[in-house]
Amino acid sequence: MQLFKWILFIGLIALAGLPAAADELRIVSLSPALTEIVCHLGGEELLVGRTAACDYPKSVRQLPSVGRFGTPEIERIVSLRPTLVIGNDLMNHNVARKLRELGIEVRIRQINSLDDYRYWVDFIGQKTGRRKEAQAELARMDRQLAELAALPDSRSSALWVVNAKPLMVAGPGSLPDMVMKLMKIKNVAGNANNEYFKCSNEWLLRSDPDWVIWAVPGSPNARRGIWSKVAAVRQDQVIKNISRSPVMRPGPRFLENVLKLRSALAR
């Protein structure tokens with residue numbers, strides 16, 4: 001089996017070496033947010049592959065999948081003969097190294113902040129020849145940021161749950177923490193030592209948030225268990241069904257959905 005895989009990989013290397021048109025840009029995106037940026041700037045026709053997590057806009061679902069987010073399969077990537085592979089993170093960094101050895105440009109960088117988003121919009125705009133579209137997107141982003149900055153300070157606090165069992169919440173420096181700062185809502189875990197951390201039942205009860213943002217499937221049980229002792233849950237002050245929301249992936253729809261979330265928390 002190993003011999004077969006090696007022969008297959010050598011064959012794919014040979015296939016990758018076939019010449020493409022000199023001006024042909026072939027992009028494989030390993031990130032839902034980056035896939036969305038490419039499409040938003042008008043470069044969807046340049047995409048030749050994606051991960052299974054890249055599902056927006058719906059039209060990209062017709063593209064070949066190279067595997068799961070964070071764990072793409074190098075053989076699938078190479079078979080698509082990309083000239084550029086973009087992504088946020090790789091669990092196996094040897095994937096990027098092997099692709100570069102084949103002469104494929106690889107750009108890997110997280111997108112956990114607005115500065116990261118600016119970087120990617122500028123980079124993709126340059127690579128795809130859509131600088132004007134990139135400038136327009138950054139200007140739109142600045143207008144949305146100004147709208148958020150003009151909002152009055154909120155007196156509310158929130159707990160952002162990123163995992164139910166074990167219970168894990170978002171602390172300082174995390175993407176949810178940035179979202180709460182943009183919304184001017186206090187993160188009750190803002191003084192923790194880690195970006196994401198497991199919390200005890202005792203800590204949960206002491207935190208006493210006004211809102212619980214439930215960013216995982218399901219919902220906290222208000223009738224029994226530890227959540228029945230949390231006032232926000234008993235009072236139905238819970239934001240649910242955002243595990244796949246654009247607020248969880250900084251892309252072109254990110255800030256408009258941050259504004260929507262702020263409105264929901266203000267009800």
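Student: What should I keep in mind about the model and its numbering?

Tutor: It is a predicted model, where local features need pLDDT of at least 70, side-chain atom pairs count only at pLDDT 80 or more, and totals for chains, interfaces and linings use all residues. Residues are numbered from 1 along each chain as its sequence is written, and side-chain values use heavy atoms, with hydrogens and water left out.

Student: How many helices and strands does the protein have?

Tutor: Helices (H or I, at least four residues) and strands (E, at least two) are DSSP runs, numbered from the N terminus. Here there are ten helices and twelve strands.

Student: What share of the residues is buried?

Tutor: Buried means under 20% relative accessible area, exposed over 50%, and partly exposed in between (1.4 Å probe, protein chains only). Of the 267 residues in this protein, 48% are buried.

Student: How do I read a pocket?

Tutor: Rolling a probe the size of a water molecule over the atoms shows where empty space is left. On a 1 Å grid over the protein atoms alone, a pocket is an open set of points where a 1.4 Å probe fits, with protein on both sides within 12 Å along at least five of seven lines; lining residues have an atom within 4 Å of a point. The largest pocket holds about 730 Å³ of space, a volume being the space filled by probe spheres set on the points, which are joined across faces, edges and corners. It is lined by 23 residues, and those closest to its centre are Pro-32, Phe-69, Leu-175, Met-248 and Arg-249. Helix H2 (32–40) and helix H7 (175–182) each give two or more residues to the lining.

Student: Why is H2 largely enclosed by the rest of the structure?

Tutor: Because eight of its nine residues are buried. Among them are Pro-32, Leu-34, Ile-37 and Val-38. Their cover includes strand E1 (27–29), strand E2 (47–49), strand E5 (84–87) and helix H5 (114–127).

Student: Which backbone angles deserve a look?

Tutor: Most residues other than glycine have a negative phi, and most peptide bonds are trans. In this model, a cis peptide bond joins Tyr-56 and Pro-57, with omega about -5°, and Pro-57 sits in the loop between E2 and strand E3 (67–68). Another cis bond joins Lys-165 and Pro-166.

Student: Where is Asp-208, and what is its phi?

Tutor: Asp-208 is in the loop between helix H8 (201–207) and strand E11 (211–214), and its phi is positive, near 45°. Asp-208 is partly exposed, with a relative accessible area of 48%.

Technical notes. Contact = heavy atoms within 4.5 Å.
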